[in-house]
Amino acid sequence: MDIQQVEKYKPIIQNIIDSNVKFSCFENKIEWDFFENSDKAIFAKTGADFKLYVNINSVIYSYEINEPLQVEYFILHEIRHIYQKRFVYLYKTDEINCPAPELAKRYDYEFCSYIKPTDDLEAYYSQQIEFEAFIFSYSVMLYKYGHINYIKLPDYLESLGIQPYIDKWINIFKDKNL
């Protein structure tokens, strides 16, 4: 990994995370680190340790093509996965205080039986964990910046009539004065 690039982008990524933690629905600090993958489509991932990993190559490329908000969009997507994993953890460690046990069970099942986009694209987008992460991240971006030409939801999700879900998130953000 190019240490100069890491040092250049580290404060930028930290700022993105810090400016978006208020949308995350949890109090814990988000720990993160860079990883390196030549596939620039893999922007970020979440570890079993609730840690966010950001692909340095995707970050560099997004800035090179003048689409820096792609980085924030996918960080938000992974922040939602961290929330979901923490929700499952709460259910497994303190079931009585879990506000939605059935949802926690569904998240857990989907994480354990994860369908990759390369396996079945429609099934991938139909997973609750992915549907939520895409809608959440898109809603935050729309709320913060308005329409961005290069930030788009996948066509499959658009075909589902997802505007009510986006509106619901945006109303939550407005109600919380975020």
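Guide: Start with what counts as a helix. Helices are DSSP runs of H or I, at least four residues long, numbered from the N terminus. Keep in mind that this is a predicted model.

Visitor: Where does N66 sit, and is N66 buried or exposed?

Guide: N66 is in the loop between α2 and α3. For exposure, the general idea is a cut-off: over 50% relative accessible area is exposed. N66 has 60% relative accessibility, so N66 counts as exposed. Note the residue type too: N66 is not a glycine, yet its phi is positive.

Visitor: Which residues of α2 are buried?

Guide: The helix spans residues 56-64, and its buried residues are I56, N57, S58, V59, I60 and S62. Next, ask what they pack against. The answer is α1 (3-20), β1 (32-35), β3 (52-55) and α3 (69-93).

Visitor: How do I read two helices that cross?

Guide: Take the distance between the axes, then the angle. The axes of α1 and α3 come within 10 Å and cross at roughly 55°. That angle makes α1 oblique to α3. The crossing is right-handed. On the α1 side, the contact is made by I13, I16, I17, S19 and N20. On the α3 side, V71, E72, I75 and L76 take part. By class, there are six nonpolar, two polar and one charged residues.

Visitor: How do α3 and α6 cross?

Guide: Helix α6 covers residues 128-145, and its axis comes within 8 Å of the axis of α3. They cross at roughly 135°. Angles over 145 degrees would count as roughly antiparallel, and those from 65 to 115 as roughly perpendicular. The two helices are therefore oblique to each other. This crossing is right-handed as well. The contact residues divide into eleven nonpolar, five polar and five charged.

Visitor: Now a single residue. Is E72 buried or exposed?

Guide: First place E72: this residue lies in helix α3. Then compare with the cut-off, since buried means under 20%. E72 has 3% relative accessibility, so E72 counts as buried.

Visitor: What does the side chain of E72 contact?

Guide: The side chain of E72 makes a polar contact with the side chain of K144, at 2.5 Å. Leaving aside neighbours within four places in sequence, E72 is in contact with I16, S19, N20, M141, K144 and Y145.

Visitor: One last residue. What does Y156 touch?

Guide: Y156 lies in helix α7 (residues 155-158). Not counting residues up to four places away in sequence, Y156 touches E122, Y125 and S126. Y156 and L121 are 35 residues apart along the chain, while their C-alpha atoms are separated by 8.7 Å. Y156 is partly exposed, with a relative accessible area of 23%.

Definitions and conventions. Residues numbered from 1 in each chain as written. Predicted model: local features only at pLDDT ≥ 70, side-chain atom pairs only at ≥ 80, totals over all residues. Heavy atoms only, no water. Buried < 20%, exposed > 50% of the residue type's maximum accessible area, 1.4 Å probe, protein only. Contact = heavy atoms within 4.5 Å. Polar contact = N/O pair within 3.5 Å; in protein donor to acceptor, adjacent residues only side chain to side chain. Axes fitted to C-alpha atoms, helices over the stretch in contact; angles between N-to-C directions. Parallel < 35°, antiparallel > 145°, perpendicular 65-115°, else oblique. Left-handed = near helix turned anticlockwise from the far one by under 90°. Nonpolar A, V, L, I, M, F, W, Y, C, P; charged D, E, K, R; others polar.
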